[in-house]
Amino acid sequence: MSITAPKVNERDAGARTVPVGRRDGYLCRMSQSPTPIGVAIFPVTPLQQNCTLVWCRKTLRAAIIDPGASVDALLGAVAKQGLTLDAIWITHGHLDHAGGAAEMQDKTGLDIIGPHPEDQFWIDGIPAQGQLYGMPDARSFTPTRWLGDGDVVTLGETIWEVYHCPGHTPGHVIFFNRLARFAQVGDVLFQGSVGRTDFPRSDHASLLNAIVTKLWPLGDDVTFVPGHGPTSTFGAERRSNPYVSDAALGRAPIARPANGPA
Ligand SMILES: [Zn+2]
Ligand SMILES: [Zn+2]
């Protein structure tokens with residue numbers, strides 16, 4: 001099922017920003033022009049998590065990635081953009097990313113797609129996390145569809161590749177649109193940093209391995225939205241990220257199994 005918002009022309013849909021929470025949402029500038037997708041970012045929760053609205057510019061079908069909270073405001077933003085929401089996509093089971101998914105599903109009937117089943121224990125823990133972090137209404141849920149490495153999700157006429165990138169959480173996935181040269185990577189990689197790995201079942205070596213073997217092969221020109229903070233490109237991070245730049249990893253090569261991926 002989906003909800004349909006009043007239509008505006010595509011030019012308007014690509015030019016608007018709308019207030020959500022304490023900050024205005026903003027449109028992500030795409031390196032590829034003309035681009036087949038639109039991207040708007042809405043920081044939500046006290047952690048300013050980058051809830052990301054993506055859409056097919058031809059059909060105006062949209063998905064909302066990681067609605068951590070502010071569900072009514074996000075649905076209002078979708079309507080103002082003139083988009084039809086098709087699905088809720090989840091990168092991983094942390095409260096700030098998935099805490100609003102159950103409420104959004106209740107209000108829209110939309111499918112929840114992702115993350116990877118290894119994050120079930122994080123999703124089950126959302127109510128307890130919510131009590132601790134001032135989001136007492138956050139609820140757990142059962143995804144309509146779990147995702148795995150190599151899966152594909154479609155949105156209107158656009159195709160999104162799914163990569164399993166464990167390390168920050170064991171069931172973290174990222175979404176990649178090859179034509180648009182765009183990825184939403186959640187808490188795997190940030191501008192100038194990488195995801196925390198001090199949580200239960202986090203693993204720093206797995207995280208670095210996922211970045212090098214899953215993200216870097218997608219291309220230096222890929223623009224990414226991280227789970228928090230500003231956007232960047234994989235190439236910029238390979239040049240300057242203190243944790244995963246080519247130079248940093250050259251000085252301290254990560255351990256890989258002898259017969260593992262190159
Ligand atoms: Zn996280
Ligand atoms: Zn986060």
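In which sense do β11 and strand β12 pair, and over how many bridges? The legends below describe a predicted model, and the first of them gives the reply.

**Figure 1. Pairing of β11 with its two partners, β10 and β12.** Strand β12 (residues 173–177) pairs with β11 in the antiparallel sense, over 4 bridges. Within this pairing, Y163 has I174 of β12 as its bridge partner. Strand β10 (residues 152–155) also runs antiparallel to β11, to which 4 bridges join it; here V152 is partnered by E161 of β11. The hairpin of β10 and β11 has 2 residues between the strands, and G156 takes a positive phi near 55°.

**Figure 2. The open sheet of 6 strands.** The strand order is β10-β11-β12-β13-β16-β17, and the pairing is mixed. At the edges lie β10 and β17 (232–233), each of which pairs on one side only.

**Figure 3. Strand β5 and its burial.** Because 8 of the 8 residues of β5 are buried, the strand is largely enclosed by the rest of the structure. In a regular strand, side chains alternate between the two faces of the sheet. In β5, I37, V39, I41 and P43 point one way, whereas G38, A40, F42 and V44 point the other way, and all are buried.

**Figure 4. The antiparallel partners of β5, namely β4 and β6.** Strand β4 (residues 26–27) is joined to β5 by 2 bridges, with Y26 having I41 as its bridge partner. Strand β6 (residues 49–56) is joined to β5 by 8 bridges, and F42 stands opposite C51 of β6. Between β5 and β6, which form a hairpin, there are 4 residues; T45 in the turn has a positive phi of about 70°.

**Figure 5. The largest nonpolar core, of 69 residues.** The members that touch the most others are L53, V54, A62, I64, I88, I174 and I211. Strand β5 (residues 37–44) gives the most to this core, contributing 6 residues. In soluble globular proteins, nonpolar side chains tend to be buried together. Neighbours within four places in sequence aside, A62 is in contact with L53, V54, W55, V78, L83, T84, L85 and D86.

**Figure 6. Helix α7 (residues 204–215) and its packing.** At 1.5 Å a residue, the 12 residues of α7 should span 16 Å, and the end C-alpha atoms are 16 Å apart, which agrees. The helix has L207, L208, N209, A210, I211, K214 and L215 as its buried residues. These buried residues pack against β11 (158–164), β13 (182–186), β14 (189–190), β15 (193–194) and α8 (234–240).

How values were computed: Residues numbered from 1 in each chain as written. Chains lettered and ligands numbered in written order. Predicted model: local features only at pLDDT ≥ 70, side-chain atom pairs only at ≥ 80, totals over all residues. Expected span 1.5 Å × (residues − 1). Buried ≥ 20, exposed ≤ 12 C-beta atoms within 10 Å, placed from the backbone. Contact = placed C-beta atoms within 7 Å. Pairing = 2+ DSSP bridges. Core = buried A, V, L, I, M, F, W, Y, C linked by C-beta atoms within 7 Å.
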